[in-house]
Amino acid sequence: MGKIAVVGSNMVDLITYTARMPGPGETIEAPRFEMGCGGKGANQAIAAARLGAEVMMVTKVGDDIFADNTIRNFEESGIDTRYVERVPGTSSGVAPIFVEPSGENSILIIKGANALLSPADIDRAAEDLKGCDLIVMQLEVPLETIYHTIAFGARHGIETLLNPAPAPTDLDPKRIEQVTFLVPNQTELATISGLPVTSEAEAETAARALIVRGIRTVIVTLGARGALLVTKGEETRRIEPVRVTPVDTTGAGDAFIGSFARYYVENRDLDAALHMAVRYAADSITRPGTQKSYAGREAFEAFCA
Ligand code: ATP
């Protein structure tokens, strides 16, 4: 099976369940607290690793207890952490999340050490990255580092996948042209293309606009409607969703990408990988949580059977 590198973020979710949000200067008691590992990069790495892929993570953590938690979480899934660097004097990426009884979420994101992942870190990992079959990236780390990694992949003939999330308005389309796969959801596609994406037809038009600008393959995730594969010079293909009763759709996109990467590197069969990705993402939304909802290989094979 092939090898995957994830160049991206890690976060620790600090989830407080509260009856209401405190006002300015007010202290109130909340009934429940939970901690969970997250960050788009980490989520995608964990999904791929749980399915048996060989995964190397390139990321930065702070010098706090959250870093220990994140590294232990990677190790428990068998992820190579040689390039998970601890930065002295910096906090890890954390996301305090407040959940009210209505289900309303208020979220703060502190990128911490994630904001320090630099092109030099990619160069330091260069020899090991050259041994990978696919480099997977998102945009919770500096854009310059992502541009640098895409160029590195192109130079060394390593395929790359960019999940442009969260979508920045200042993304330079020229500098992502060489990516092998661009995998946005509908909102991200609208931001990057500057076109409306409220229907499947508009998603195809927007993806084609990116292809005209030079990107070869765009995979648009469409939530409950599955996904679209839009490739230069080929007809658009629709990947049908799997019908499930959703319990919690958080992290479905990361489940889709991690599993896509895992099955794609197995033998570079794009259709087979997409077929598995819609299944893995659908399975993950039948359980609460993000990484907690990602199945291991055996359980997923049982779901597919
Ligand atoms: P999130 O931000 O919640 O992680 P996303 O917006 O990045 O998700 P989506 O397009 O919502 O990504 O979902 C990713 C994939 O998950 C879809 O392409 C689809 O295969 C699957 N999926 C999501 N929601 C559903 C659903 N309700 N039923 C079946 N499959 C779903």
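Which residue stands opposite V99 in β7? The model is a predicted one. The residue opposite V99 in β7 is N105. Strand β6, residues 94–99, pairs with β7 in the antiparallel sense, over 3 bridges.

These two strands belong to an open sheet of 4 strands, in the order β3-β2-β6-β7, with mixed pairing. Its edge strands are β3, residues 32–38, and β7, residues 105–107, and each of these pairs on one side only. Direction ignored, neighbouring strands of this sheet are turned by 20° against each other on average. Helix α2 packs on the sheet and touches β2 (11–17), β3 and β6. The direction of α2 makes about 55° with that of β3.

One side-chain detail before I move on. The charged end of R32 sits over the ring of Y17, 4.0 Å from the ring centre.

Now the other sheet. It is open and has 9 strands, with the order β5-β4-β1-β8-β9-β10-β11-β12-β13 and mixed pairing. The edges are β5 (80–86) and β13 (237–239), each pairing on one side only. At the β5 end, β4 and β5 pair in the parallel sense over 5 bridges. The bridge partner of M56 in β5 is D80.

Towards the other end we come to β11.

As for the neighbours of β11, strand β10, residues 181–182, pairs with it in the parallel sense over 2 bridges. There, L182 has V218 as its bridge partner. Strand β12, residues 227–231, runs antiparallel to β11 and is joined to it by 5 bridges. V220 stands opposite L228 in β12. β11 and β12 form a hairpin with 5 residues between them, and G223 in the turn has a positive phi of about 60°.

Helix α8 lies across β1, β8, β9 (159–162), β10, β11 and β12. It runs at about 175° to β8.

Next, the packing. The largest nonpolar core has 46 residues, and those with the most contacts inside it are F181, I219, F256 and F260. The elements giving two or more residues to this core are β1 (3–7), α1 (40–50), β4 (54–61), α2 (65–76), β8 (134–137), β12, α8 and α9.

What is F181 in contact with, leaving aside its neighbours within four places in sequence? The residues are L134, T160, L161, L162, T217, I219, F260, Y264 and L270. A second, separate core has 40 residues, including Y83, C132, V141 and A203.

That leaves the aromatic residues. The count comes to 7 aromatic pairs. One of them, F181 with Y264, is edge-to-face, at 5.0 Å centre to centre and 85° between the planes. F181 lies in strand β10 and Y264 in helix α8, residues 252–267, so the pair ties together parts that are 83 residues apart in sequence. Both F181 and Y264 are buried.

What about Y280 and Y294: which kind of pair do their rings form? The centres are 6.2 Å apart and the planes are at 50°, so this pair is tilted. Y280 is in helix α9, residues 270–284, and Y294 is in the loop between α9 and α10 (297–304). They are 14 residues apart, and the pair links distant parts of the chain. Y280 and Y294 are both buried.

Y280 and Y294 also belong to one aromatic cluster, together with Y263, F300 and F303. Y263 has a charge over its ring as well: the charged end of R262 sits there, 4.1 Å from the ring centre.

To close, I would keep F181 in view when looking at the model. It lies in β10, it is among the residues with the most contacts inside the largest nonpolar core, and it forms an edge-to-face pair with Y264.

Key:
Residues numbered from 1 in each chain as written. Predicted model: local features only at pLDDT ≥ 70, side-chain atom pairs only at ≥ 80, totals over all residues. Heavy atoms only, no water. Pairing = 2+ DSSP bridges. Phe/Tyr/Trp six-rings, centres within 6.5 Å; stacked < 30°, edge-to-face > 60°. Buried < 20%, exposed > 50% of the residue type's maximum accessible area, 1.4 Å probe, protein only. Lys NZ or Arg CZ within 6 Å of the ring centre and 35° of its normal. Core = buried A, V, L, I, M, F, W, Y, C linked by side-chain atoms within 4.5 Å. Contact = heavy atoms within 4.5 Å. Axes fitted to C-alpha atoms, helices over the stretch in contact; angles between N-to-C directions.
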